Amino acid sequence: MFLRRRHTQKDDSEQREAKVSELRTAMGPLSGRSLKYCTDACLRRYLEARNWNVDKAKKMLEETLKWRSTYKPEEIRWHEVAHEGETGKVSRANFHDRQGRTVLIMRPGMQNTASAEDNIRHLVYLLENAILNLSEGQEQTSWLIDFTGFSLNTNIPVRTARDIVYILQSHYPERLAIAFLYNPPRIFEAFYKAVRYFLDPKTAQKVKFVYPKNKDSGELMKSYFDVENLPSEFGGKATLKYDHEEFSRLMAQDDVKTAKFWGIDEKPYHIANGHSTAEVAAEPATIAQRAS
């Protein structure tokens, strides 16, 4: 029985690797950033998102490459979106989950702007940054969403949420491991019902509603996070403090890593009080590995 299971797993693995090779062949010659983006790990994620159907994965990947060539997420720099992050409504945590995944902390109650385009651009920047900071061999991120201060006044429109969901599902497949919605108020339920309509079933299964006085919720959180690292807002023992100036310095350092990763030549810029004092001149790129 054990040997049969091992053979089945080996056969499945070989079949999937054959699918990766088939997809790479189907994509044809790639160069520059497209080649850099399309690592084997990337191709596996697109295949996984399309149930290992090569034709469907190819179409999805081609659409992403087209989107990336126009939206250029790898060229967004912190000084361009820093105003969106002044309240810490989305930030990268200074800890990983138990699997070594980068953690994004979202606080919709801290919403501070009304521009849908800038909100989305800010989130895309932090997604790219989260991917850049993944542990070796890790492909996914975890999200912690704190609803403290949430109200209808701070909520983003359903249309903006729909656009965000579209980008996440279409261009960042299999990047989300799990999203914890911590202690969401009842007024959020109607909003989520509208948003859930746009979620594919696999993504919807990754969204977990958790509550502070619920035993199962507590055990679920502990299975993903060390409570010593987890902020008290999520039932842990750590203190969540967002320092915009310090976070801006960290992002400026990561912008240098991003430019180096993608082979982009840039003029340095200085961060002061969370704002840059020089513009970045981005230029096209060449080759290497990971933000795929």
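Start by selecting helix H7, residues 158-171: with eight residues, H7 gives the most to the lining of the largest pocket. Bear in mind that you're looking at a predicted model.

Now show that pocket. It holds about 1100 Å³ of space, and 48 residues line it. For its centre, pick Trp143, Ile164, Val165, Leu168 and Leu199, the lining residues that lie nearest. Other elements giving two or more residues to this lining include helix H6 (116-132), strand S3 (141-146) and strand S4 (176-182). Colour the lining by residue type and you get 30 nonpolar, nine polar and nine charged residues.

Next stop: the sheet. Select its five strands, which run in the order S1-S2-S3-S4-S5 in an open sheet with mixed pairing. Strands S1 (90-96) and S5 (207-210) sit at the edges, each pairing on one side only. From one strand to the next, the twist averages 25°.

Zoom in on S1. Its partner is strand S2 (residues 102-106), antiparallel over four bridges. Look for Val90 opposite Met106, and Arg92 with its bridge partner Leu104. Five residues separate the two strands of this hairpin, and Gly100 in the turn has a positive phi of about 85°. Is S1 enclosed or open? Five of its seven residues are buried, so S1 is largely enclosed by the rest of the structure.

Stay with S1 for the last stop, the second largest pocket: S1 supplies the largest share of its lining, five residues. About 350 Å³ of space lies here, and Arg92, Ala93, Asn94, Lys241 and Tyr242 are the lining residues nearest the centre.

Definitions and conventions: Residues numbered from 1 in each chain as written. Predicted model: local features only at pLDDT ≥ 70, side-chain atom pairs only at ≥ 80, totals over all residues. Heavy atoms only, no water. Pairing = 2+ DSSP bridges. Axes fitted to C-alpha atoms, helices over the stretch in contact; angles between N-to-C directions. Buried < 20%, exposed > 50% of the residue type's maximum accessible area, 1.4 Å probe, protein only. 1 Å grid on protein atoms, 1.4 Å probe; cavity = no way out; pocket = protein on both sides within 12 Å on 5 of 7 lines; lining within 4 Å. Points joined across faces, edges and corners; volume = space filled by probe spheres on them. Nonpolar A, V, L, I, M, F, W, Y, C, P; charged D, E, K, R; others polar.
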